[in-house]
Amino acid sequence: MLDVLIRNGWVADGTGSPPFLGDVAIEDGRVAEVGRLTPEATAQRVIDATGKVVCPGFVDPHSHSDFSLLANPTAESTIRQGVTTEVVGNCGWSYAPVTKHSREYMSGRLHTFGYDGPVIPWTTFGEHLGFLSDVGHTPNLAWFVGHNAIRLAAGVSGPHPSEEQTATMEGFLREAMDEGALGMSTGLEFNPGREATTEELVRLNAIAGGYDGLYTSHVRNRDADILHAIAEFLEVARAGGARAEISHLNVRHNTGAPDRGWERAVEMMAAARAQGLDVLADTTPFREGLGQLAGILPPWVAADGAEAAVARLRDPQTRARLRTECDRYWRFIHKGEWDRVRLQASEQHPELDGLSFAQIAELQKADPWDCFFDILADAGTAYESVLVVGTLFTDEHLAEMISHPLFCLGVDTFTATLDGPLAEVIRHPLGYAGHVHYLTHHVRECSTLRLEEAIRKMTSMPAAHFGLWDRGLLRAGYAADVVVFDFDELDDVSTTEQPHAYARGVEHVLVNGVLVVDDGEHTGARPGRHLLRR
Ligand SMILES: [Zn+2]
């Protein structure tokens, strides 16, 4: 007898073909059959999907759920949207390797995301994966190893690691690749990745390439220097081999990008594809995006470590200098557009969470720059963990990214929960309804793309690109990651004003054949696996 039989749904199988009426049979964690089964076919559990859409579980090509998973191993907000696989370790950040050089820093970051367990007990990449397996997690996870983590663990500071430090970084990368990492990620707008030279990245990525690894990058610049940043990306990617992903390839509104900057960047990507580099990009679903408040600081602030940086942030003379030198990352801040930046997770200032810096300045009857310096400095040595949500894009730019054939659909945030300390860390629908928003807003309301095309960009497209060979399609033999949702009832629920709510309309979710959402409720099951590079 079958384990699960999903009857009479509109099957959008992940290929992008229009949905067809059919059944999906599941046995031993795999899809056994897709099509019209005989009326006699039966299963331990039969789900009537009449009038519902049945599709593969969503694969987020760019997630940061590894930040919050230890505080939220059941991935409450994302699993209820049907996200069954999250590609994590992005933007240069993974929580391994960890050494004496980075343990305190990494513990501080994890603490920001609601982790209250013992001081990080793992060292290697493999031990980190093992720790998470022991805890158990609901979604599948596919891993990049973060260049920032590797650099911190090797004790590197400044742009020129010693030969010994470089060898140490190479060793960490090999260890992660041996343990099944997909490849290396970089975050070149953030500390410490932004210190790295192209040469360093080329050398490291050549090692990942030796394992047929992928290179994914939050590139160095996406405004005035976007074309150089893409050229650097392609150089590093080619040093690694054949496969790469440009993380959230976008241009933030009013930040000084050249004419047709985004289009030209995409043309460079397309030209590299034509020459044989399998490179794609991803986007996010909202005009707003998550960011790191310290990202606008020039590198010299952090050059002597976190304590010195905090002292600098308090010093009036340094503040005066910083007002003219913080022209990077979200450059609209430098132009005084403080209303576009909202504080998210400030342990020291919970009363300000969710407010824009324009509102904070008004409330405190202070200059927004001073509010900015105060909030960062008050966070102490964890100042780099302070998060913000920015209004980054126009609706038109969002639509062109979402509908572009070379873009997969991701969310670029971490799985949230309404319970526990993590609930306070993100106050935006990104964390609660980001995936569903593609279907409710961009498909249903705006008709930016067809439903089956959106599903393809959220399933088989990222799965194939990241080498997750048995995911992303509803086909016999594929892993049974399946979603059943009511397209008409699909609802973000979460709004900018009232973000703390779970999305509605996703009725059933299976991960590896196990029901993790049943009749819209989380079952508590944790059948997720690490999807390792083959
Ligand atoms: Zn990023």
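Tutor: Let us begin with terms. Helices (H or I, at least four residues) and strands (E, at least two) are DSSP runs, numbered from the N terminus. The model is a predicted one, in which local features need pLDDT of at least 70 and side-chain atom pairs count only at pLDDT 80 or more, while totals for chains, interfaces and linings use all residues. Residues are numbered from 1 along each chain as its sequence is written, and side-chain values use heavy atoms, with hydrogens and water left out.

Student: Which helix gives the most to the lining of the largest pocket?

Tutor: On a 1 Å grid over the protein atoms alone, a pocket is an open set of points where a 1.4 Å probe fits, with protein on both sides within 12 Å along at least five of seven lines; lining residues have an atom within 4 Å of a point. Helix H2 contributes the most, with 4 residues. Helices H2 (103–112), H4 (147–153) and H9 (306–314) each supply at least two.

Student: What is the volume of the largest pocket, and which residues lie closest to its centre?

Tutor: Grid points are joined across faces, edges and corners, and a volume is the space filled by probe spheres set on the points. The largest pocket holds about 720 Å³. Of its 27 lining residues, His-101, Tyr-105, Leu-152, Gly-305 and Ala-306 are closest to the centre.

Student: Which protein atoms are donors of the zinc ion?

Tutor: Donors are N, O and S atoms within 2.8 Å of the metal (3.2 Å for Na, K and Ca); water is not among the atoms, so sites may look incomplete. Here the protein donors are Cys-91 (SG), His-218 (ND1) and His-248 (NE2), at 2.1 to 2.2 Å from the zinc ion. Cys-91, in the loop between strand E7 (83–88) and H2, and His-218, in strand E10 (residues 214–218), link distant parts of the chain, 127 residues apart.

Student: Is Cys-91 buried or exposed?

Tutor: Buried means under 20% relative accessible area, exposed over 50%, and partly exposed in between (1.4 Å probe, protein chains only). Cys-91 counts as buried because its relative accessibility is 4%. His-218 is likewise buried, at 3%.

Student: Which strands are joined to strand E15?

Tutor: Two strands pair if DSSP finds at least two bridges between them. Strand E13 (residues 288–292) runs antiparallel to E15, with 5 bridges, and Gln-292 stands opposite Leu-387. Strand E14 (residues 341–343) is also antiparallel to E15, with 3 bridges; Val-341 there faces Gly-390. In E15 (residues 387–391), 5 of 5 residues are buried.
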